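Hi everyone, thanks for coming. Could you bring up the structure on the screen for me?

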Amino acid sequence: MKIAEVKEHKKEYLDLLLLADEQEDMIDRYLDRGKMYILDDDGVKCECVITDEGNGVLEIKNIATAPESQGKGYAKCMIDFLVSTYGSRYSILQVGTGDSPLTIPFYEKCGFVRSHSIPGFFTENYDHPIYECGVQLIDMVYLQKKL
Ligand SMILES: CC(C)(COP(=O)(O)OP(=O)(O)OC[C@H]1O[C@@H](n2cnc3c(N)ncnc32)[C@H](O)[C@@H]1OP(=O)(O)O)[C@@H](O)C(=O)NCCC(=O)NCCS
């Protein structure tokens with residue numbers, strides 16, 4: 001298994017990116033300025049995109065594991081990689097996500113705790129309502145992990 005940075009043709013992984021962020025023009029807001037990594041284990045299983053948000057904050061903008069490979073520890077492995085690679089250069093690893101039972105428990109398992117939220121982020125920035133588990137996502141919930 002290896003994790004490598006993707007510097008060009010990041011849209012080759014659009015299928016995975018869209019799993020975590022279903023509107024492509026929202027992905028375009030961070031894809032170029034972000035650093036992208038893929039985890040390869042006999043094929044690409046997981047990707048993530050991170051950005052430097054200043055003041056020692058590193059943000060995960062997108063993380064997704066291929067559907068048939070979920071629940072096998074790949075995304076946790078990606079988080080561990082970020083912590084070991086960036087832990088000495090940043091003080092906080094944060095992520096913004098919908099208030100959904102599909103994502104929040106994963107981050108909590110990885111040691112993130114809720115910090116703040118942006119009310120109405122999903123309703124104001126996406127061109128259509130986004131549902132997860134039958135619940136409409138409204139606010140962006142931020143979770144943070146100390147590095
Ligand atoms: C969220 C996601 C990235 C997790 O990836 P994954 O590779 O399946 O996660 P892992 O197998 O590394 O899980 C790590 C831990 O979190 C737990 N976990 C993952 N998803 C969970 C969920 N929905 N509910 C409860 N626990 C969950 C796992 O059981 C595991 O716990 P363990 O260490 O005790 O075994 C994956 O489900 C995904 O790609 N979802 C679609 C895209 C998305 O929503 N991305 C996040 C939005 S930014």
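I'll talk about the ligand and the pocket around it.

Quick housekeeping: this is a predicted model, where local features need pLDDT of at least 70, side-chain atom pairs count only at pLDDT 80 or more, and totals for chains, interfaces and linings use all residues. Residues are numbered from 1 along each chain as its sequence is written, and side-chain values use heavy atoms, with hydrogens and water left out.

So, who surrounds the ligand? There are 19 residues around it, and I63, T65, G71, G73 and K76 come nearest; being near takes a heavy atom within 4 Å. That shell divides into eleven nonpolar, five polar and three charged residues, with Gly counted as polar. Helix α4 (104-109) gives the most to the shell, four residues; helices here are DSSP runs of H or I, at least four residues, and strands are runs of E, at least two.

Now the polar contacts, meaning N or O pairs within 3.5 Å. A backbone N or O atom of G71 sits 2.7 Å from a ligand oxygen. For K76, a polar backbone atom is 2.8 Å from an oxygen of the ligand, and for K72 that distance is 3.2 Å.

Where does the ligand sit? The space it takes is the largest pocket, with a volume of about 980 Å³. A pocket is an open set of points on a 1 Å grid where a 1.4 Å probe fits, with protein on both sides within 12 Å along at least five of seven lines, and lining residues have an atom within 4 Å of a point. Strand β4 gives the most to the lining, seven residues.

Key. A polar contact is a pair of N or O atoms within 3.5 Å; within protein, one must be able to donate a hydrogen and the other to accept it, and residues adjacent in sequence count only if both atoms are side-chain atoms. A molecule sits in a cavity or pocket if more than half of its atoms lie within 2 Å of its grid points. Grid points are joined across faces, edges and corners, and a volume is the space filled by probe spheres set on the points.
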